[in-house]
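Hi,

I have a structure to hand over to you, and some notes to go with it. Please have a look at it first, then read on below.

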Amino acid sequence: QVQLVESGGGLVQAGGSLRLSCAASGSGFTIYRLGWYRQAPGKQREMVATILGGGGTNYADSVKGRFTISRDNAKNTVYLQMNNLKPEDTAVYYCNVLTNVQYWGQGTQVTVSS
């Protein structure tokens with residue numbers, strides 16, 4: 001069993017920055033992929049960014065050049081640095097961890113005001 005604790009959401013003006021963190025804890029698991037997804041009101045959950053164990057990354061087109069995903073393997077923590085935020089980035093952001101089972105964080109609200 002893996003527990004995920006997210007932090008770092010909040011309210012920011014357009015053009016501002018936020019950094020999300022997600023720490024995974026538990027025992028006896030191997031993480032294959034970490035990622036961030038988001039869900040805006042009335043919309044489906046969408047992938048924002050993922051990072052593999054080997055460090056390969058993937059980003060949604062809408063965030064390329066603005067968001068950076070990174071991981072600290074020693075801490076089993078994944079980060080999402082979000083720069084130049086836009087009102088359309090407003091959503092609940094969810095951490096996602098893939099072991100032999102997929103786990104989701106509780107979600108953290110990011111609100112970008114215009």
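How many helices and how many strands does the secondary structure of the protein come to? There are zero helices and 11 strands, and along the sequence the pattern reads β-β-β-β-β-β-β-β-β-β-β. Its radius of gyration is 13 Å, close to the 13 Å that the globule rule gives for 114 residues, so the protein is as compact as a globular protein of that length. Please keep in mind that this is a predicted model.

Of the 114 residues, 42% count as buried. The accessible surface is about 5,900 Å², and carbon and sulfur atoms hold 46% of that. Among contacts with a separation of 6 or more, 52% are between residues 24 or more positions apart. As for charges, there are 10 positive and 6 negative ones, and their mean positions lie 3 Å apart.

Strand S7 covers residues 67-72 and runs antiparallel to S8, residues 77-82, with six bridges joining the two.

Which residues of S7 make up its covered face, and which its uncovered one? Phe67, Ile69 and Arg71 are on the covered face, whereas Thr68, Ser70 and Asp72 are on the uncovered one. In a regular strand, side chains alternate between the two faces of the sheet.

Best wishes

Technical notes:
Residues numbered from 1 in each chain as written. Predicted model: local features only at pLDDT ≥ 70, side-chain atom pairs only at ≥ 80, totals over all residues. Heavy atoms only, no water. Buried < 20%, exposed > 50% of the residue type's maximum accessible area, 1.4 Å probe, protein only. Helix = DSSP H or I, 4+ residues; strand = E, 2+ residues; numbered from the N terminus. Pairing = 2+ DSSP bridges. Rg over C-alpha atoms; globule rule 2.2 N^0.38 Å. Contact = heavy atoms within 4.5 Å. Areas by Shrake-Rupley, 256 points an atom, 1.4 Å probe, with all protein chains shown as cover. Lys, Arg positive; Asp, Glu negative; His and termini not counted. Charge placed at Lys NZ, Arg CZ, Asp CG, Glu CD.
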